[in-house]
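Let's take a walk through this fold together, one element at a time. Keep the structure open beside the text as you read.

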Amino acid sequence: MIEWIGTNSELVNIVINAVLTLVWIVYLNLFLHGIVRTRRPMIMISRGAGSGPEARLFISNMGAEPFYVTALIADVRCGGQERSVTITQNDEIQADDLDTPSARTNEGPLGAGSYMDAGSFGALMDRIALHTDAKVDPESIERVTLTVVAATGHSAAISAGVKTYRVLRKEGATMFHPEHLSTQQLRNRLSRRRLLKRLNRDLQAELRA
C-alpha cells in the first residue's frame, strides 16, 4: 500500500486536494446560507388579550435585523364577496384623543425581538368598513386576511407576513379564530412583485382621491 501511494503520489495529491476543495465549498455554502437565514425578516402576526372584538393584533419582529412596517393590508370576505383595503392609518381615531401622532398609524420601525400593538380586532373591522369604497357592515365580515408589509435596511426588497382569521358569531358573541398557528412568510420574488404593484396601485388611488 505504501509503495502504491509512493508510486502514485501525484494522483493521491490530486484526490486529496479535490476532497478538501469540496469540503470547503460545502462549508462555505452552509456558512453563507446561515448568514442569509439570520438576516431574513421574520414577521409574526398574533392575537392576544382575548379572542373577541377586544382582542389585540400584535405585529412582532422575530428576526435578527430591524425592519420598517410600511403597510397593513386586509382582504375580507363578506356576503360572499371579496374586498381588499389598506388599513395602515388609524383614521377612526381623532388626533385630539391621542398623546402622540404616531398612535394614529401602524407604520414604523420594529427592532429585533420587539412588537407593535396594531389595535383591537373590533377597531380593525371598523377601519376596514371606513376605508372600503363600498359600504361594508363590520357585522357581515366572515373572514379577514391580514398582510403586514415590511422593508429592511440592508435591502431594497420588501417582505411580508400573512395570517387569516375566521370571524365566528354564536349566541351574540364574536370570536376571531386563526386558520393557522404560524404566520406565512412572503419572500419570493413573485410575491414581492405583486405586493409592490398592489401598494403602488393604492398610492395612485390615494392621489386621485
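Strand β3 (residues 67-78) and strand β4 (residues 81-86) run antiparallel and are joined by six bridges. Here strands are DSSP runs of E with at least two residues, helices are runs of H or I with at least four, and both are numbered from the N terminus; two strands pair if DSSP finds at least two bridges between them. Within this pair, Ala74 has Val85 of β4 as its bridge partner. Two residues lie between β3 and β4 in the hairpin they form, and Gly79 in the turn has a positive phi of about 60 degrees.

A word on the source: this is a predicted model, in which local features need pLDDT of at least 70 and side-chain atom pairs count only at pLDDT 80 or more, while totals for chains, interfaces and linings use all residues. Residues are numbered from 1 along each chain as its sequence is written, and side-chain values use heavy atoms, leaving out hydrogens and water.

Now turn to the open sheet, where three strands follow the order β1-β2-β6 with antiparallel pairing. Its edge strands, β1 (43-48) and β6 (115-120), each pair on one side only. Strand β2 (residues 56-61) is linked to β6 by four bridges, and Phe58 stands opposite Asp117 in β6. Helix α3 (residues 121-131) packs on this sheet and touches β1, β2 and β6 (contact means heavy atoms within 4.5 Å). The direction of α3 makes about 70 degrees with that of β6, using lines fitted to C-alpha atoms, for helices over the stretch in contact, and angles from 0 to 180 degrees between N-to-C directions.
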